[in-house]
Amino acid sequence: MKYASQRVAQVYFLGALGLFAVQILFGLLAATVYVIPHFLAGILPFNILRMIHTNALIVWLLMGFFGAAYYLVPEEAEREIASPLLAYVQFGLLLFGALAAVTGYLFGIHEGREFLEQPLWIKWAIVVVALIFLANVSLTVLGGRRTAITSVLLLGMWGIAVFWLFAIWDPVNIAVDKLYWWYVVHLWVEGVWELVMAAVLAFLVIKLTGADREVVEKWLYAIVGLSLFSGLLGTGHHYYWIGAPGYWQWVGSVFSTFEIAPFFAMVVFCFSMVWRGRRDHPNRAALLWSLGCTVGAFFGAGVWGFMHTLSFINYYSHGTQITAAHAHLAFFGAYVMLNLAIISYAMPYLRGVRPYNQVLNMWSFWIMTSAMAFMTFTLTFGGVVQVHLQRVMGMQYMEVQEQIVLFYWMRLGAGLVVAVAVALYLYAVLGPVREDVPASQPGAAPLPAE
């Protein structure tokens, strides 16, 4: 760790991993309701379980992004963070807002807008958190060396803040509400979050492989161009059924097909850089998560997204378990694995030890990835059956649910395996370091230079 202020990232990573565990717990509870419908019905209704599951996901991913920024920006800018104190204040506000929101949900206090259920005061608090972060990081970058990585990262973070403002506006007309609601939900995960993903992956590739920065930056700009070109107008694939003009069926279908391009480019970029660069970095787990991130994003966000993005297919598949399959693999592949990659890379430096628990970390990768792949296939097959029975044959929704309950049992089983893998990961990065590998041990190999 070159700069003392990078230690700020550690509290963000710890907070993110804590919320990750919460997200998995409530996901398991929600999955249980699918197979035991009255499970916890009198204590925690399904809508509350689902709300906490999805909101914890969003917050812990954002917390991980903030931690990644506070870790890599000092190295890229070659100077300390402008104000570590403000960074800690920001973390406190963000964590308090997350806990307050979850507590409110448990007592039925929410706005009811899917994924944007936070009470208004919490949404404004998030605005304050974003302003603190942007001021802190922007001042750090402007006062030091400027690189393509920090430029793209800042563009993505500013995009996250700007599009969040549409979460505050709650139009009375439901069609107008959905029109701008997607400015947050889509343009975050299929637009500006991809910029953050590309920037963090570029940083990891340089550090883990020693690839030439100039080559990496050329790839980075190409990926960013593809992301913005496809993601902005690709929002139209959400406008099929909300009363928007008919041309959105063409705009949404055409540009959504291009959304697979940046994810494919990320796969080619990362694997080619690893192939060209050195492969002797001791942190093999971080490299595995980084490569896995690109592949998971390509299949989850790219292939599974493309499978049902065209309007004449989405007409049948919209809102079925096919959508759930895409959402689970896309979020896991693109952003969960990204955070786990940067945490795996940074934690040894933050703890001042050599890369540790590598085998356990990599076992976590393979178990978690396999379980998520199984869950995705399960939900996909269940969704196909649902489409046929419900949308083609015209069976009632609840009748169809009874027919596909076997798929829900398999999804629950996969979720339990994911939970085991998450526990392994938490132990691998937070647990005790084996006595034969600390950096202070006489004769031990030094921590690799960053």
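**The salt bridges and their surroundings**

Mentor: Start with Glu76, which is buried, at a relative accessible area of 1%. Keep in mind that this is a predicted model. The side chain of Glu76 meets that of Arg213 in a salt bridge, 2.8 Å from N to O. This pair links distant parts of the chain. Glu76 sits in helix α2, while Arg213 sits in helix α7, residues 213-234. The two are 137 residues apart.

Now look at the other end of that bridge.

Arg213 has another partner. It forms a salt bridge with Glu217, where the closest N and O atoms are 3.9 Å apart. That value falls within the 4 Å limit for a salt bridge. Here both residues belong to helix α7. They are 4 residues apart, about one turn of the helix. The bridges share partners, and they join Glu76, Arg213 and Glu217 into one network. As for the spacing, an α-helix has 3.6 residues a turn, so residues three or four places apart point the same way.

Helix α2 takes part in another bridge. The side chains of Glu117 and Arg50 meet at 3.1 Å, N to O. Arg50 lies in helix α2, residues 46-77, and Glu117 in the loop between α3 and α4 (120-142), so the pair ties together parts that are 67 residues apart in sequence. Glu117 is buried, with a relative accessible area of 1%. In total, the structure holds 9 salt bridges.

Next, move to helix α3. It spans residues 84-106 and gives the most to a nonpolar patch, with 4 residues. Take Leu93, which lies in helix α3. Its relative accessible area is 36%, so Leu93 is partly exposed. Patch residues need over 30%, so Leu93 passes that cut-off.

Then compare a buried loop residue. Leu310 lies in the loop between α10 and α11 (311-317). At 17% relative accessibility, Leu310 counts as buried. Setting aside residues up to four places away in sequence, Leu310 touches Tyr240, Ser253 and Thr257. Ala334 is 24 residues from Leu310 along the chain, and their C-alpha atoms are separated by 21 Å.

Follow the chain on to helix α15, residues 405-430. This helix has 26 residues. From its first C-alpha to its last it reaches 37 Å, close to the 38 Å expected at 1.5 Å a residue. Its buried residues include Phe407, Tyr408, Leu412, Val418, Val422 and Tyr425. Arg411 is also among them. What do the buried residues of α15 pack against? They pack against α1 (8-35), α10 (284-307), α12 (321-351), α13 (358-392) and α14 (397-403).

Finally, check the confidence. The protein chain averages a pLDDT of 90, and 96% of the residues score at least 70. Over residues 436-446, pLDDT stays under 50. For that stretch the model has 12 contacts beyond four places in sequence. Where pLDDT is low, the predicted coordinates should not be read in detail.

How values were computed: Residues numbered from 1 in each chain as written. Predicted model: local features only at pLDDT ≥ 70, side-chain atom pairs only at ≥ 80, totals over all residues. Heavy atoms only, no water. Buried < 20%, exposed > 50% of the residue type's maximum accessible area, 1.4 Å probe, protein only. Expected span 1.5 Å × (residues − 1). Contact = heavy atoms within 4.5 Å. pLDDT = per-residue confidence, 0-100.
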